[in-house]
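The sequence and the model come first, and the notes follow.

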Amino acid sequence: MSNPEQAAIGPNEEIKVTKIETFVLTNSWVFVKISTDAGITGWGEMLKDDAKACAAGALEVAAYLVGKDPRPVTHHWQAIHRGAFYRGGPIKTAILSGIDMALWDITGKCYGVPVYKLLGGPTRERIRVYGEVSGETGVNAIKVGPQASRPAFKYIEGQKFVDEVTERFKALRDKHGSGVDIAVDFHGAVQPPTAMLLMKALEPYHPWFYEEVVQALNIDVMAELAQKTHIPLATGERIFTKWGFREILEKRAATILQPDICYAGGITELKIIAGMAEAYYTPLAPHNPQGPCSLAASLQIAAAIPNFLIQERGDNEYAELLAKPLPPVCDGYRPLPTEPGLGITIDEDKLMAMVGEPGLYPTRLDPDDGSVVDW
Ligand SMILES: [Mg+2]
């Protein structure tokens with residue numbers, strides 16, 4: 001049987017990690033599974049862009065973790081992070097994130113409660129999500145790119161391009177009215193001068209927030225742009241650990257943080273980042289382009305922190321991997337998770353059917369001159 005019942009154990013009962021396994025799927029999602037001698041297993045997800053590197057790296061953590069009690073999760077986070085001479089970055093932090101998530105999953109199952117109950121939650125009664133607006137999903141917040149007939153290839157785009165983006169966004173606003181929150185994701189693929197032109201042009205149509213108006217590699221540039229608009233800026237899907245977010249907060253480069261629970265350091269670290277953000281009156285809107293562990297762990301954080309704004313792709317169902325579907329979104333909100341741990345059960349037969357070679361992202365070129373551009 002692929003999904004055995006996992007009964008809670010007493011707080012004084014011993015439990016030890018026995019095995020770490022990883023699974024790379026054809027859609028690039030990458031999972032880590034941690035097994036214990038009590039029959040309780042935990043699941044986590046890592047960085048899909050570097051799926052094979054994460055899968056290999058997570059297996060190396062077995063040398064530290066096998067034989068240990070999985071429940072002192074913060075201690076293990078510290079040991080894995082600080083045990084390395086070279087720290088941080090997307091791949092190492094994603095490995096740490098996946099392991100952290102799986103350890104929290106085990107710990108919640110040990111005690112028979114959702115993770116947020118071990119973190120002092122719930123802090124809310126239901127969890128707002130954004131995704132696809134439709135009568136079926138009930139979602140009332142969406143995010144779009146700067147829509148045009150082509151991406152913003154040029155360092156400084158001309159008026160024709162700016163007008164096209166503006167007209168398309170105005171049409172979207174007219175269609176949905178003021179009752180739907182519409183964010184605009186520049187995806188770090190727009191250079192600062194063009195970003196400024198678009199930010200000003202779209203302002204009259206009330207974008208909810210602007211995301212990754214530029215790459216988060218030069219925080220001072222993002223901070224300059226933030227000072228030139230009253231629309232909130234959001235960033236964080238390419239920022240890792242509390243040390244990465246410290247600079248964003250201190251320089252006021254964004255007023256919405258979007259850490260990814262699979263890359264930024266897992267449940268342990270997102271709770272800390274949320275605390276740092278709270279001191280700057282800044283909410284979290286966690287990033288999520290991945291699978292069911294990513295959403296499930298993010299929902300645990302939403303239920304455990306005070307300064308939660310909304311969850312990305314919170315309307316995903318993940319029926320292709322789960323033994324039991326998530327409870328449906330209602331009026332733009334998901335109900336609080338109720339099952340122990342992360343609150344989901346991965347169907348391993350379904351998972352194994354999707355294991356395979358992950359796809360690669362193509363390089364984007366400017367069709368006019370063949371130079372490399374951001375995407
Ligand atoms: Mg994004």
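## Two crossing helices

Helices α4 and α10 are roughly perpendicular to each other, because their angle falls in the range that carries this name (under 35 degrees counts as roughly parallel, over 145 as roughly antiparallel, 65 to 115 as roughly perpendicular and the rest as oblique). The angle between α4 and helix α10 (residues 266–278) is about 100°, and their axes are 6 Å apart. Axes here are lines fitted to C-alpha atoms, for helices over the stretch in contact, and angles run from 0 to 180 degrees between N-to-C directions. On the α4 side the contact is made by L96, S97, D100, M101 and W104, and on the α10 side by G266, I267 and T268. Two residues are in contact if their C-beta atoms, placed from the backbone, lie within 7 Å. Sorted by class, this contact of α4 with α10 has 4 nonpolar, 3 polar and 1 charged residues (Ala, Val, Leu, Ile, Met, Phe, Trp, Tyr, Cys and Pro count as nonpolar, Asp, Glu, Lys and Arg as charged, and the others, Gly among them, as polar).

## Basis of the description

This is a predicted model: local features need pLDDT of at least 70, side-chain atom pairs count only at pLDDT 80 or more, and totals for chains, interfaces and linings use all residues. Residues are numbered from 1 along each chain as its sequence is written. Helices (H or I, at least four residues) and strands (E, at least two) are DSSP runs, numbered from the N terminus.

## The nonpolar core

The largest nonpolar core has 107 residues, and those that touch the most other members are M46, C54, A58, Y210, V213 and A254. Such a core is a set of buried Ala, Val, Leu, Ile, Met, Phe, Trp, Tyr and Cys residues joined through C-beta atoms within 7 Å. Helix α4 (residues 90–111) supplies the largest share of this core, 10 residues. A residue is buried if 20 or more other C-beta atoms lie within 10 Å of its own, exposed if 12 or fewer, and partly exposed in between, with C-beta atoms placed from the backbone. Apart from its neighbours within four places in sequence, A254 is in contact with M222, A226, L233, A234, T235 and I248.

Helix α1 (residues 51–60) has A51, C54, A55, G57 and A58 as its buried residues. Their cover includes β1 (17–24), β2 (30–36) and α4. In helix α7 (residues 192–202), the buried residues are T194, A195, L197, L198, M199 and L202. These pack against α6 (159–176), β6 (181–185), β7 (210–211) and α8 (219–226).

## A sheet of three strands

An open sheet is formed by 3 strands in the order β10-β4-β11, with mixed pairing. The strands β10 (311–312) and β11 (333–335) stand at the edges, each with a single partner strand, so one side of each has no neighbour in the sheet. Two strands pair if DSSP finds at least two bridges between them.

Strand β4 (residues 126–130) runs parallel to β10, and 2 bridges join them. V129 has Q311 of β10 as its bridge partner, and Y130 has E312 of β10. With β11, β4 pairs in the antiparallel sense over 3 bridges. One of the partners in β11 is R334, which bridges to I127. Because 4 of its 5 residues are buried, β4 is largely enclosed by the rest of the structure.

## Backbone features

Most residues other than glycine have a negative phi, and most peptide bonds are trans. The peptide bond from G121 to P122 is cis, with omega near 5°. P122 is in the loop between α5 (115–118) and β4.

T241 has a positive phi, near 65°, and is placed in helix α9 (residues 241–250). T241 counts as buried because 22 C-beta neighbours lie inside 10 Å. Y318, in the loop between β10 and β11, also has a positive phi, near 60°. Y318 counts as buried because it has 20 C-beta neighbours inside 10 Å.

## An exposed serine

S371 is found in the segment after α12 (348–353). S371 is exposed because 8 other C-beta atoms lie within 10 Å. Leaving out neighbours within four places in sequence, S371 is in contact with L365 and D366. S371 and F153 are 218 residues apart in sequence, and their C-alpha atoms are 9.4 Å apart in space.
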